[in-house]
Amino acid sequence: MARIFCIANQKGGVGKTTTSVNLAAGLARIGQRVLLVDLDPQGNATMGSGVDKRKLALTVYDVLLESASVGEAAVLAEKCGYQVLGANRELAGAEVELVDVERREKRLKTALAEIDADYDFVLIDCPPSLSMLTLNGLCSAHGVIVPMQCEYFALEGLTDLVNTIKQVHANLNPDLQIIGLLRVMFDPRITLQSQVSEQLRGHFGDKVFDTVIPRNVRLAEAPSYGLPGVVFDPAAKGSLAFVEFAREMVERVQRLAPATKEKIAAK
Ligand code: ADP
Ligand code: MG
């Protein structure tokens with residue numbers, strides 16, 4: 001059974017796409033079968049996996065409009081070892097086109113159910129908004145991974161996301177929970193970052209992942225080569241951290257699994 005995770009934060013530029021492609025590559029590296037879903041019309045996760053968004057015949061847009069299945073639309077990111085359900089500008093139109101359709105927030109969930117046995121992990125790179133696209137992601141997922149920088153205002157932006165997740169949990173997807181906050185672009189030399197990092201730990205406890213992703217120029221350079229840092233420069237500090245994070249995710253999922261089984265048994 002595939003475990004499905006959204007990488008979400010309604011702020012832009014906080015490291016969602018970097019986390020998505022590098023976690024996908026890290027999981028693939030340790031032998032997991034991974035599908036990366038790009039839910040952002042910017043298509044950065046698609047391009048950052050070496051898949052040319054302009055040349056895709058089918059994308060997540062076609063899946064949301066039910067004119068293609070995930071199996072038909074997903075392509076292999078050859079150098080990365082995972083599959084990509086890509087996105088391009090066309091996806092921006094889906095927001096409007098979905099307004100009048102039935103089950104509009106559950107389109108992705110329904111489509112992913114068909115490929116449940118084919119993958120260990122499905123990662124969904126969300127756009128920087130709490131839109132119908134993000135809602136489709138949240139309705140599909142078992143959990144949310146929230147990348148965040150350890151800055152003074154970091155927590156402020158979190159409230160809207162946490163409220164949205166609570167609402168989706170209550171009304172649309174009882175499975176949904178925040179799996180964890182991932183500290184990214186971390187620079188230990190900056191005292192404030194270390195302080196905020198400690199505050200996060202104090203406040204959210206084990207909802208904060210143990211792994212910390214450092215600020216690392218190789219991670220920032222990798223997308224221009226159409227590769228995740230983990231593939232572009234596996235020995236870079238940032239890449240090693242993402243492989244470590246992949247291991248932590250596998251462990252967390254194993255810890256989650258028994259509870260899910262109990263839930264099924266209780267039904
Ligand atoms: P989002 O998807 O949330 O908009 P991105 O993943 O695109 O954010 O990251 C924003 C910018 O920060 C990009 O230019 C990316 O290369 C850079 N970046 C992300 N994580 C790191 C990191 N750990 N170290 C250095 N640069 C990073
Ligand atoms: Mg992005």
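This is a predicted model: local features need pLDDT of at least 70, side-chain atom pairs count only at pLDDT 80 or more; totals for chains, interfaces and linings use all residues.
1. Start with strand β5, residues 121-125. Buried or exposed? All 5 of its 5 residues are buried, so the strand is largely enclosed by the rest of the structure. Both faces are covered: Phe 121, Leu 123 and Asp 125 sit on one side, with Val 122 and Ile 124 on the other.

2. Now look at what pairs with β5. Strand β1 (residues 3-7) runs parallel to β5, with 5 bridges between them, and Ile 7 is opposite Asp 125. Strand β2 (residues 34-38) is also joined to β5 in parallel, again by 5 bridges; there, Val 37 has Ile 124 as its bridge partner.

3. Next, the largest nonpolar core, which has 80 residues. Which residues have the most contacts inside it? Those are Ala 24 and Leu 123, and Leu 123 is one of the buried residues of β5. Beyond its neighbours within four places in sequence, Ala 24 is in contact with Val 34, Leu 36, Cys 80, Tyr 82, Leu 123 and Pro 228. As background, nonpolar side chains in soluble globular proteins tend to be buried together.

4. Last, helix α9, residues 191-204. Its 14 residues reach 20 Å from first C-alpha to last, close to the 20 Å expected at 1.5 Å a residue. After α9 comes Gly 205, with a positive phi near 55 degrees.

Methods: Residues are numbered from 1 along each chain as its sequence is written. Chains are lettered from A and ligands numbered from 1 in the order in which they are written. A nonpolar core is a set of buried Ala, Val, Leu, Ile, Met, Phe, Trp, Tyr and Cys residues joined through C-beta atoms within 7 Å. A residue is buried if 20 or more other C-beta atoms lie within 10 Å of its own, exposed if 12 or fewer, and partly exposed in between; C-beta atoms are placed from the backbone. Two residues are in contact if their C-beta atoms, placed from the backbone, lie within 7 Å. Helices (H or I, at least four residues) and strands (E, at least two) are DSSP runs, numbered from the N terminus. The expected span of a helix is 1.5 Å times one less than its number of residues. Two strands pair if DSSP finds at least two bridges between them.
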